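Here is a short report on selected helices, strands and their contacts. Please view the sequence and the model first.

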Amino acid sequence: MKTHAQAVVIGGGLVGCSILYHLAKLGWRDVVLLERDELTSGSTWHAAANLHGLHDNNNISKIQYYTMNLYKELEQETGQGCGVFQPGSIYLAQTENREHQLRLQESKARYFGEKFYELTPEQALEKNPFLNLDGVRCIMFEEDGGNVDPSGVTQAYATGARQMGAEIHRFCPATATLQQPDGSWIVETPKGNIHTQWVVNVGGLWAREVAAMAGVKLPLQPTEHQYLVTETIPEIAAMDRRLPSVADRDGEYYMRQEGNGLLIGAYEKNLKFWAEEGTPAGFGHELFDGDLDRIMDNLERAMERVPVAATAGIKRVINGPMIWSPDSAALYGPVPELKNYFCCCGIIPGFSQSGGLGLMSAQWIIQGEPEFDMFPWDLTRFGHWADKKFTMEKVADQYSKRFAIHFPFEERQAGRETRVRPIYQRQKQMGAVHGLNYGWEHPLWYAGAGIEGRESYGYTRQDWFEPVGRECRNLRENVGVVDVSNFGKYEIKGAGAAGWIDRIIANHVPKQVGRSCLTPMLGIRGGIAGDFTVTKLAEDHFFMIGTGIGERYHQRYFQMVPLPEGTTFETVTDAYCGVNVAGPKSRELLSRLTQEDLSNTGWPFMRSRKFTIAGIEAIGIRVSFTGDLGWEIYVAEADQAKLWDALFETGKDLGIMPVGGRSLGCLRIEKGYGSWSREYSPEYWPQEVGFERLIKMDKPEFLGREAYAAIMDNPPREKLVCLSIETDNADSSGGEPIFLPDGTPVGRISSGAYGFSVGKSCALAFVKTAHATPGTVLDVAVLGRPHKGIILAEPPFDPAGLRLRG
């Protein structure tokens, strides 16, 4: 066995073998995989192994299509069969919302150039004559849907990796992972130790235990999961072709042909957890006893949909473990608190995602960053607050609602009230409906004092549309208060503070006390890794603000530049709370609570200072994400309630109103302001999002400088534009594809909302540069159907910024 390696992959399941294969394919041949038992032990060997391409997230769709296409290439490359069956999948909609979802998926398939299209009932019955289509209102067909052989695919990855020089050691568990002072690792095994640059945790059911060896806690929890295989069904045996699978998500089951019978599986409501205190070390190819009573309601719906299923006996019941993250998406990426420790765990639809996960993981490890923005899977979306209670509650919700639609803006209640601020109950008394933002309870909208706000969800405008409109209009006409405590906040102090920040960000650090700047932070490929407001509070004291959901994510970049001796960096998100007081009457309101000169000359736009408001020491920055006149004010958490009460008591006669995050989204979109993880990500070049003016190439050194220098003269592949969309009952929310009137795909929506200040549905979108001309008429697939969109020459609200600087 090797004693040195570039990477050691721990876990010989499907995804572990894929990562090993892709590491070797990208040029790292000195790599090793350790498997405690036989390859496919754990969850891989007993999986149903279904395939599907489309996902609500566009980038995840891309890697799922990559995965599906890879299997046949693997067979040719390795000579190892993958057992690929692709008779297609029939998707059924029984509700209006499911129809909206399928039509949106169909439009995305056209955007991707994939084969997913509508069938008539007659066409559906030609493909599967055993269907009962009662109650079905829409039918779609995915030509490449199907399934693979779990063992065959895993062995194909392993064979391909070995052919390129990688080593695989079965029955060889990792017993310890020890970080070395230089950031490398010693991996201990019964067969000897390996000194490696990278440790890759793909431990599957044992991912928690593998992580614990490195001092890491992963929010993961296994459950039991059941499916059954029927005896031979004569009608199926008589067919001269394989049946397409049935995706009846409203019925909450999945079904496909297995041999001459059917395989039927379900995610039941009364789920059963397993291994709550840790996965047993000796577990391998075992299964649990079947308990079909738990999924009988689901099975009955399946038999109503395909009546021949009810005529067959049960050949076998498969009841095995799966391991889940709190949102059922992968936990993927380097652990920020460690050097060179990578995780890829908690994968549920692994056979649709294994190739893409392997490729993205290998790119990240070898090249420093994946080519696609994969933040929805990045493990940094969870922090220390994602404890066992939170994880268990969220996993129970995700499992039992596996086939429920994830609606735009949906906020589920499981695992809630994990992190709350002092004014949480005050906001509830004002009718606040809260959402989850990096663990924090964050106000989304307000129903009104004494009213318990309740949400409904769907693809069309919901009950909260009017309250959000009221908040937006009031802020534009009077004054609104937005709780921005969820923003990520950092303090950098010491003689080397300015120099350190200057090597982190692409803009110049403010040189004068009382100045603030907006700045991007560039990624490894020269894209937008973050956007921040940097404020100079004193000669050696800086205050930095970024998106809250990126707080742990951004630590990876901050750690790339060593802190000078005597300089400190501290994350102070928990310590500070903030409000954005905005609107034409915000100056008058604040002037009643402070002695500061708030005039344009006394406190100009993008200026900042420490000051006293309502008797409270605060940090004030004249900036507003609403695009209106306003100040962001940050105080110690202990003073949050005092400031909140003072603002609302003092502003009664000014029409003050609390404003939630949904309204802030509407306000920033009609103003044309982008948001990190939507408009700004490492995938997008600065010149594509209008950030090139903030990149100061006269600086000799900053993160991403060389990468940006290599692309800065490239013409934008796409441009970020503002759109108005003609629609009556729904607005875009993000991800909707955009076509020319002749059907040519040219772009996609990144953010959308109704612009209450301008009286039109608005969106921010990426459009291919050749078509990103003001006045261009486009078809936007809102609800999956074409709606007329027009590219605007400038943001519809206050394009000259007169209100902001007024």
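How many of the residues of H17 are buried? The count is 10 of 11, and H17 is mostly covered. Buried means under 20% relative accessible area, exposed over 50%, and partly exposed in between (1.4 Å probe, protein chains only).

## Basis

This is a predicted model, in which local features need pLDDT of at least 70 and side-chain atom pairs count only at pLDDT 80 or more, while totals for chains, interfaces and linings use all residues. Residues are numbered from 1 along each chain as its sequence is written, and side-chain values use heavy atoms, with hydrogens and water left out.

Helices (H or I, at least four residues) and strands (E, at least two) are DSSP runs, numbered from the N terminus.

## Helix H17 and its surroundings

H17 spans residues 661-671. Its buried residues include Leu664, Gly665, Arg668 and Ile669. Contact means heavy atoms within 4.5 Å. After H17 comes glycine 672, with a positive phi near 85 degrees.

## The H12–H17 crossing

Two packed helices are described by the angle between their axes and the distance between the axes. For H12 (residues 465-477) and H17, the axes come within 9 Å and cross at roughly 55 degrees. H12 is therefore oblique to H17. Axes are lines fitted to C-alpha atoms, for helices over the stretch in contact, and angles run from 0 to 180 degrees between N-to-C directions. Angles under 35 degrees count as roughly parallel, over 145 as roughly antiparallel, 65 to 115 as roughly perpendicular and the rest as oblique.

H12 contributes Val468, Glu471, Cys472, Leu475 and Arg476 to the contact; H17 contributes Arg662, Ser663, Cys666, Leu667 and Glu670. By class, this contact has 5 nonpolar, 1 polar and 4 charged residues. Nonpolar covers Ala, Val, Leu, Ile, Met, Phe, Trp, Tyr, Cys and Pro; charged covers Asp, Glu, Lys and Arg; the others, Gly among them, are polar.

Strand E29 (residues 616-621) is largely enclosed by the rest of the structure, because 5 of its 6 residues are buried. E29 pairs with E28 (residues 608-613) in the antiparallel sense, over 6 bridges. Two strands pair if DSSP finds at least two bridges between them. Serine 608 faces isoleucine 621 of E29. The hairpin of E28 and E29 has 2 residues between the strands, and alanine 614 there has a positive phi near 55 degrees.

E29 also joins E30 (residues 630-636), antiparallel, through 3 bridges. Here glycine 620 stands opposite isoleucine 633 of E30.

## A five-stranded open sheet

Which order do the 5 strands of the open sheet follow? The order is E23-E24-E25-E22-E26, with antiparallel pairing. E23 (516-522) and E26 (568-571) are the edge strands, each pairing on one side only. Neighbouring strands are turned by 25 degrees against each other on average, direction ignored. E23 and E24 (residues 528-538) share 7 bridges. Proline 520 has aspartate 531 in E24 as its bridge partner.

Helix H13 (residues 497-504) lies across E22, E23, E24, E25 and E26, running at about 135 degrees to E22. Helix H14 (residues 551-558) lies across these strands too, at about 80 degrees to E24.

## Glutamate 106

Glutamate 106 sits in helix H3 (residues 96-112). Its relative accessibility is 16%, so glutamate 106 counts as buried. Glutamate 106 touches Phe116, Tyr117 and Met140, not counting residues up to four places away in sequence.
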